[in-house]
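Work through the exercises below with the sequence and the 3D structure in view. Each task is followed by a solution in steps.

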Amino acid sequence: MPKILFVQPTQYAENGKLCKQRKINLPGLAFPLLAAYTPSNWEIELLIEVVDEINFDTEADIVAIGSMGHATFRGLEIATEFKKRGRIVVMGGYMASIAYKEAMKHVDSVVIGDAEISYPKMLQDYEDSGTVKPLYNHPIYELKNLPIPRYDLLTQKKIGAMLPVQAGRGCTYTCSFCSIACLYEGKYLFRPVDEVIRDIEEVKRLGFKRFYLIDDNIVSNPKYLKELCRKITPLKMKWASQCAIHLAKNAELLKIVRDSGCDLMSFGVESIQQDAIDSLDKPWLKANEHEQNIKILAQSGITVSTEMIIGTDFDTEDSIRETYDFIYRNRIPIPRFYILTPVPGTELHKSLKEQGRMLTDDLRLFDGTRCVHIPNKIDPEKLTEMYWWLNNKVFSVKSIFHRVLFNRNLWRNPAMLMFSLAINFHYRRYVRRKITPNIF
Ligand code: B12
Ligand code: SF4
């Protein structure tokens, strides 16, 4: 029986050690989904390195490695070890897709983008000839008839309170820094609502009360979202997702979303300066509306998480200090920050490269905690220093208590209050180890 080994690599911490955790809080969906596309005559093993050790002496015929952001560097190390042992090594996922020419130098095969057609073809090639092609690139134009992901591969592991579900892929916007925009070019493929509901029911059947809708901007199709929420409501599940903040502007939709069990949403607020937002090709996002939007969302009962970027051409030490004040003043329960990272393949990277403003191509450094380009108004070293200043301030005990413990909106939902506190202290530990705060 042929065997495929899926490996989701972890990343390195500042001290040179691999990031490890006791459990996986937010697993990705790619491998459980690909496992469901694997013919039944194949043996499957999934290793998620943040909790699992990798046995390099495995007898797997094919080793399939994920490539998410800077964790790709670790993925390439793993690839090298397996190749030394004569295994066929395949890579897919965002980084391998965007930088496929580079990835092809290190592995036997690269799968570009969506793998629903490519992956079964690759397995078939192996069964037919014992080899795989160097590149598979078969785009898909609809997201129908997807199998139920092999969630059992996740539930066998130490896992947190939620499983991932996907309603669609892509995004209708094309922000210059975003890998989604780079790969999907403004397209958003939606799955039939009933198929999404089928997956949520499966999550529920497995004993989970909560799921994470991993879409990037579910609000971009209000009609679809309404229908989805109406069908989620009777399942009495709690859910979280991420979307554009103008959900706040549609009171009817917000209520439907909230009533369907959504209690946590992450919003790409990006910056408190309109010039900075505009420079990221996100002109529809209005900085002067942030505070009002956040208030509406928080009062609706949704716990607000924000994603912000520092290091645009408009950032200064002062604007970063004001960013801290903004987070504190608005009592944002779960804030996250990244240094602007021009990921190779994105419009932003192209433009900074042309201007001679990229400082390095070393992927290890593209982790969102270091400045890898030359911003206009602040030195790269100073920006990195201010990034840690900001995180240390935001995840100080004083700030956590102010934003979370003394946050009236959260008191209405004690479970979310406890969850937000736990996440903040988790991030605090990460910041001390100089790791990007994230819910691994
Ligand atoms: C869930 C998630 C996480 C989780 C789980 C991570 C994990 N390691 O599994 C957490 C929160 C931990 C996380 C962390 C990070 N993430 Co993340 N994450 C996501 C998210 C929201 C969903 C991923 C998912 O499950 N998608 C659903 C599946 C079905 O789609 P897919 O992954 O594209 O997979 C399909 C194909 O790409 C392909 N495929 C994917 N992998 C492979 C591998 C092989 C071998 C093959 C053949 C095919 C294949 O097959 C699938 C079916 O078609 C995506 C955004 C998104 N919508 O995808 C961001 C995203 C992937 N993350 C991103 C980033 C940057 C990160 C971080 C680097 C952030 C940071 N600075 O710390 C870290 C890296 C963590 C790590 N060590 O890997 C970026 C990737 C950018 C890039 N160029 O690589 C994305 C696109 C978000 C964004 N908008 O920029 N992430
Ligand atoms: S709205 Fe979000 S997901 Fe969509 S392109 Fe912009 S940053 Fe990417």
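Helices (H or I, at least four residues) and strands (E, at least two) are DSSP runs, numbered from the N terminus. This is a predicted model, in which local features need pLDDT of at least 70 and side-chain atom pairs count only at pLDDT 80 or more, while totals for chains, interfaces and linings use all residues. Residues are numbered from 1 along each chain as its sequence is written, and chains are lettered from A and ligands numbered from 1 in the order in which they are written.

**Exercise 1.** Find the elements that each supply at least two residues of the shell around ligand 1, and explain where ligand 1 lies relative to the domains.

Step 1. A residue counts as near a molecule if its C-beta atom, placed from the backbone, lies within 6 Å of it. Of the 44 residues around ligand 1, those that come nearest are G28, G69, G92, G93 and Y94.

Step 2. The elements are α1 (30-36), β3 (62-65), β4 (88-91), α3 and α7 (179-184).

Step 3. The shell around ligand 1 holds 26 nonpolar, 14 polar and 4 charged residues. Here Ala, Val, Leu, Ile, Met, Phe, Trp, Tyr, Cys and Pro count as nonpolar, Asp, Glu, Lys and Arg as charged, and the others, Gly among them, as polar.

Step 4. Ligand 1 lies between domain 1 (3-136) and domain 2 (161-432), because both give residues to its shell. These bounds come from an automatic or database domain assignment.

**Exercise 2.** Describe the contact between domain 1 and domain 2.

Step 1. The C-alpha centres of the two domains lie 27 Å apart.

Step 2. Domain 1 gives 15 residues to the contact and domain 2 gives 14, where contact means C-beta atoms, placed from the backbone, within 7 Å.

Step 3. On the side of domain 1 that touches domain 2, α2 (71-84) and α3 (94-98) give two or more residues. The largest share, 3 residues, comes from α3.

Step 4. By class, that side of domain 1 has 7 nonpolar, 7 polar and 1 charged residues.

**Exercise 3.** List the surroundings of ligand 2 and sort them by class.

Step 1. Around ligand 2 are C171, Y173, T174, C175, C178, I180, A181, D216, N217, A244 and G268.

Step 2. Sorted, they give 7 nonpolar, 3 polar and 1 charged residues.

Definitions and conventions: Two residues are in contact if their C-beta atoms, placed from the backbone, lie within 7 Å.
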